[in-house]
Amino acid sequence: RRAGRTVEIGHDMALFTLDVLERTILSDGLADAPGRFADEMTRFFKVYGRADPADLLGLPKWAPRLTRLGGGGSLQFFEGAISRILERRRARPISEWPRDLLTMLIEARDPESGEGLSEPDIRANVMTFVAAGHETTANALTWTLYLLSQDDEARERAESEVDALGEEDLRDPAKLATLHWTRACLDEAMRLYPPAATLSRQAIGPDEVAGVRIRPGARVLVSPWLVHRHKLNWRDPDLFDPSRFLPENRDSIPRFAYLPFGAGPRVCIGMGFAIQEAMIALATWLRGFRFELAPGHSVMPRQRLTLRPAGGMPMVIKSRRDS
């Protein structure tokens, strides 16, 4: 990037995380340009992330949803792209299949019946990993860079920490784990702006919470956005304070007060992957660049299945060598 150029960081983060997925879980690539995937994903979340009057009125699922009429094209695009990915993999000799997630899904067998996953199940799993595996991490990185741009002291401390490591150290998980302040900045960003700001669970049995009876099968919404900013759980909850997540302070955080990846048996399966990916990226970028919010831009979060900045996040990228 040319020094001083203003870029839409949210879009660039989406392209970056899609590139990571191509190098890890889908070794044959995405079958379409990553930019098209990112644009269609934005369209998909914009359409399906809105509450529809038909849902609020309790109309049956077959009833048309006005807010979703524009989302069919995105679903068709994803289904077609994933089908082409599968066709391309199966066209190669099995001996040449890379040992990635797609191969494991195709080869997976039920230990009792010996049956494999159906084609729709494989497509659904790939779609889940592509959507959840790039969208949430991209948002976490976007919000972290924004918050660091607003706090010179926190940013300079993170820069000093990553500068103390050599470039080769960023490939060493043990060395990466010593970046306590940088990790704390990432965690604090996900506290203030959790990429998945609401979680949905289905009750498997009767229960009662705060005097409210919950029937089996009822949908229960949990809001990390609210839990992460609750005054009973956090001191100065609206303040960006990465020190909350330093090793000496982590044990004081209530167990279920922080859940950017959910909790319990259905905690996000990609949590470890996402954290390592984000930490390598942050450490690499902070070593060489500074990110400043574009002058005059007002930042406002918007919930559309995931938590994105409304109107994007234009930022000016500057080389630290020129600072």
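E292 is partly exposed at 33% relative accessibility, a class that lies between buried (under 20% relative accessible area) and exposed (over 50%), with a 1.4 Å probe and protein chains only. K318 is likewise partly exposed, at 35%. The two residues form a salt bridge with their closest N and O atoms 3.2 Å apart; the term denotes a side-chain nitrogen of Lys or Arg within 4 Å of a carboxyl oxygen of Asp or Glu. E292 belongs to strand β6 (residues 289–293) and K318 to strand β9 (residues 314–319), so the contact ties together parts 26 residues apart in sequence. Strands (E, at least two residues) and helices (H or I, at least four) are DSSP runs numbered from the N terminus.

The model is predicted: local features need pLDDT of at least 70, side-chain atom pairs count only at pLDDT 80 or more, and totals for chains, interfaces and linings use all residues. Residues are numbered from 1 along each chain as its sequence is written, and side-chain values use heavy atoms, with hydrogens and water left out.

The structure holds 20 salt bridges. Shared partners join D152, R155, E156, E159, D163, R290 and R320 into one network. Within helix α9 (residues 180–192), R183 and D187 lie 4 residues apart, about one turn of the helix, and they form a salt bridge at 3.1 Å between the closest N and O atoms. R183 is partly exposed, at 28%, whereas D187 is buried, at 2%.

E188 and R244 meet in another salt bridge, 2.9 Å from N to O. E188 lies in helix α9 and R244 in the loop between α10 (224–227) and α11 (247–250), so this pair links parts 56 residues apart in sequence. Both E188 and R244 are buried.
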